[in-house]
Amino acid sequence: MPKHSIFLLVAILASFLGFGQDKSTLLNGKVSSSKNDVSNVLIVNLNSKKSTITDSLGLFSIEVKLKDSVRITAVQYLPKEIVISESHINSSLITIQLIDNIIDLNEVTVTPYNLTGEIDRDIDRLQIEPTVTSYSLGLQNADVTKMTQSERLLQEADRGKYVSLQTMDEYGKLNEILSYVGLSVKVNTHKIMNKVSGRTRSLEEMVERDQNMNLEKEIIYKFSKQTIAENFDIPESNVNGFLTYCLSQPDFNELSDSGNMAEIWAYLETKSVEFKSSDISNE
């Protein structure tokens, strides 16, 4: 075979191999754990910087190429990385076993109960009585979410209608015989004064601020400051400022109401670019 034909054949094979490595494919996977929750586990392609989050069953899908590195992180698990191989790409569903992130407390003793840090042993030793709650007793409205102080204050300040019609028995018991009923107009001065003075608006902002703080805590609990800093290239010391920046955006309220962590993570990823280009990130 002529030399130029050999070179041509090698070049063609090399181009096919290179094309195969550059071709993206959708990797379907599932994270698995015998104990902890497998929802909202962060899956990041370190090469493409694309990311996704597992659903309630631990399932996920993400675009990958051959030899890409994929990192799996969650607060309750030890971080794990895999390098995409041919077997991963050819598999219809890969399963990734995660290891629980457990703090070793074998040598810790807590007084006055002489706890060892080993839960199974400590529970048997303490002989803890079951906690009695309104839910365990089956009381009415036991499953109703308890209102915060700011929510109770807002409800008190904004209760009722501004103006309402009321029936008035002008003649007491005689009304039962004559069937005569008078009408009166009731003005809710308490609600009007709170609205005019700005107290209602102030309480609404207080409720919204409390909700944002709780959501910020949930985001940090789910992903940790370190994970957010590493994936969005933001100094860990600026993560709180970044989250405050996101929570203050008008379009974040509807997203936060849905409680969808995958959508929230995608939103944070988009806003991280704006945050890094703004003056706030340099403060």
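Predicted model: local features only at pLDDT ≥ 70, side-chain atom pairs only at ≥ 80, totals over all residues.
The secondary structure of the chain consists of 11 helices and 9 strands. Of its 283 residues, 28% count as buried. The accessible surface comes to about 19600 Å², and carbon and sulfur atoms account for 55% of that area. Where contacts link residues at least 6 apart in sequence, 55% of them join residues at least 24 apart.

Helix 4 (residues 149–157) packs against helix 7 (residues 199–223) with the two axes 9 Å apart and at an angle of about 155 degrees. Helix 4 is therefore roughly antiparallel to helix 7, since an angle over 145 degrees falls in that class. The crossing of helix 4 past helix 7 is left-handed. On the side of helix 4, the contact is made by Ser150, Glu151, Leu153, Leu154, Glu156 and Ala157. Helix 7 contributes Arg199, Thr200, Leu203, Glu204, Met206, Val207, Asp210 and Gln211. By class, the residues of this contact between helix 4 and helix 7 divide into 6 nonpolar, 3 polar and 5 charged.

Helix 7 also meets helix 8 (residues 225–232). The axes of helix 7 and helix 8 come within 6 Å and cross at roughly 80 degrees, so helix 7 is roughly perpendicular to helix 8. The residues that meet are Ile219, Ile220 and Phe223 in helix 7 and Lys225, Thr227 and Ile228 in helix 8. This contact of helix 7 with helix 8 has 4 nonpolar, 1 polar and 1 charged residues.

Between helix 8 and helix 9 (residues 239–247), the axes come within 10 Å, again with a crossing of roughly 80 degrees. Helix 8 is therefore roughly perpendicular to helix 9. Lys225, Ile228, Ala229 and Phe232 of helix 8 make the contact with Val239, Asn240 and Phe242 of helix 9. In this contact of helix 8 with helix 9, 5 residues are nonpolar, 1 is polar and 1 is charged. Lys225 and Ile228 take part in the contact with helix 9 and also in that with helix 7.

The buried residues of helix 8 are Thr227, Ile228, Ala229 and Phe232. Their cover includes helix 7, helix 9 and helix 11 (261–277), together with strand 2 (42–45) and strand 5 (69–74). Just after helix 8, aspartate 233 has a positive phi of about 55 degrees.

Serine 272 is located in helix 11. With a relative accessible area of 3%, serine 272 is buried, because that value is under the 20% cut-off. Leaving aside residues up to four places away in sequence, serine 272 touches Phe232, Ile234 and Phe242. Of these, Phe232 is one of the buried residues of helix 8, and Phe242 belongs to the part of helix 9 that contacts helix 8.

Glycine 241 is in helix 9. In contrast to the buried serine 272, glycine 241 is partly exposed, with a relative accessible area of 33%; this value lies between the limits of 20% and 50%. The C-alpha atoms of glycine 241 and phenylalanine 275 are 9.3 Å apart, and the two residues are separated by 34 residues in sequence.

Methods. Residues numbered from 1 in each chain as written. Heavy atoms only, no water. Helix = DSSP H or I, 4+ residues; strand = E, 2+ residues; numbered from the N terminus. Buried < 20%, exposed > 50% of the residue type's maximum accessible area, 1.4 Å probe, protein only. Contact = heavy atoms within 4.5 Å. Areas by Shrake-Rupley, 256 points an atom, 1.4 Å probe, with all protein chains shown as cover. Axes fitted to C-alpha atoms, helices over the stretch in contact; angles between N-to-C directions. Parallel < 35°, antiparallel > 145°, perpendicular 65-115°, else oblique. Left-handed = near helix turned anticlockwise from the far one by under 90°. Nonpolar A, V, L, I, M, F, W, Y, C, P; charged D, E, K, R; others polar.
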